[in-house]
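Thanks for coming. I will show one protein chain today and go through how its parts sit against each other.

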Amino acid sequence: QIHLEWESLAFLLDVVIQCVFSSNLEVSIDLGCAALDSLLSSETKDINIFNEQLSCVHALFHYLKFKPERLGSVLTKIFSAFQSPIFQNDGQSFNPLVASV
C-alpha cells in the first residue's frame, strides 16, 4: 500500500514540477528546496520505496540550479544505495549493476 502512495507521489510530483518550470508560473524556490531536503533526510529499508524516493529527487532536480550546494547531498543519497542494507539478500551482497542471465 505505502509503495503505491510513494509511486503516485513520484508521478504527480514529476508532472507538476515539469508544468511549473515549463510555464510562466512563479516558482517557490524555498518550498521546492524544503521538499528536496526532506527527501534527502528520509531513510527506508524497502527498496521499492527507496526507488520512488529517488524518483521524487529526480523530479526536484530543477531546484538544484537555485541551490547548487545541495548537489553533494543529492549524489550522496543516490550513491549511498550501493552501500545500503537495502541491497542485502539473505546475507549476500547484491550488485545492482550486474544482471543475472
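A word on where the values come from. This is a predicted model, in which local features need pLDDT of at least 70 and side-chain atom pairs count only at pLDDT 80 or more, while totals for chains, interfaces and linings use all residues. Residues are numbered from 1 along each chain as its sequence is written, and side-chain values use heavy atoms, with hydrogens and water left out.

The protein chain has 4 helices and 2 strands. Helices here are DSSP runs of H or I with at least four residues, strands are runs of E with at least two, and both are numbered from the N terminus. In order, the elements run α-α-α-α-β-β. Of the 101 residues, 27% are buried. Buried means under 20% relative accessible area, exposed means over 50%, and partly exposed is in between, with a 1.4 Å probe and protein chains only.

Now the helix pair. Helix α1, residues 2-22, packs against helix α3, residues 47-59, at an angle of about 10°, with the axes 9 Å apart. The axes are lines fitted to C-alpha atoms over the stretch in contact, and angles run from 0 to 180 degrees between N-to-C directions. That makes α1 roughly parallel to α3, a label for angles under 35 degrees. Among the residues that meet are Trp6, Leu9 and Leu13 in α1, and Ile49, Gln53 and Cys56 in α3; contact means heavy atoms within 4.5 Å.

Next, the core. A nonpolar core is a set of buried Ala, Val, Leu, Ile, Met, Phe, Trp, Tyr and Cys residues joined through side-chain atoms within 4.5 Å. The largest one has 14 residues, and Leu36, Leu39, Val57, Leu60 and Val74 touch the most other members. Helix α2 gives the most to this core, with 4 residues. Leaving out residues up to four places away in sequence, Leu39 touches Trp6, Gln53, Cys56, Val57, Leu60 and Lys77.

Last, how many salt bridges are there? The count is 2, where a salt bridge is a side-chain nitrogen of Lys or Arg within 4 Å of a carboxyl oxygen of Asp or Glu. Asp37 and Arg70 form one, at 2.8 Å from N to O. Asp37 lies in helix α2 and Arg70 in the loop between α3 and α4, so this pair ties together parts that are 33 residues apart in sequence. Glu69 also bridges to Arg70, with the closest N and O atoms 3.9 Å apart. Asp37 is partly exposed at 31%, and Glu69 is exposed at 58%.

Technical notes
Angles under 35 degrees count as roughly parallel, over 145 as roughly antiparallel, 65 to 115 as roughly perpendicular and the rest as oblique.
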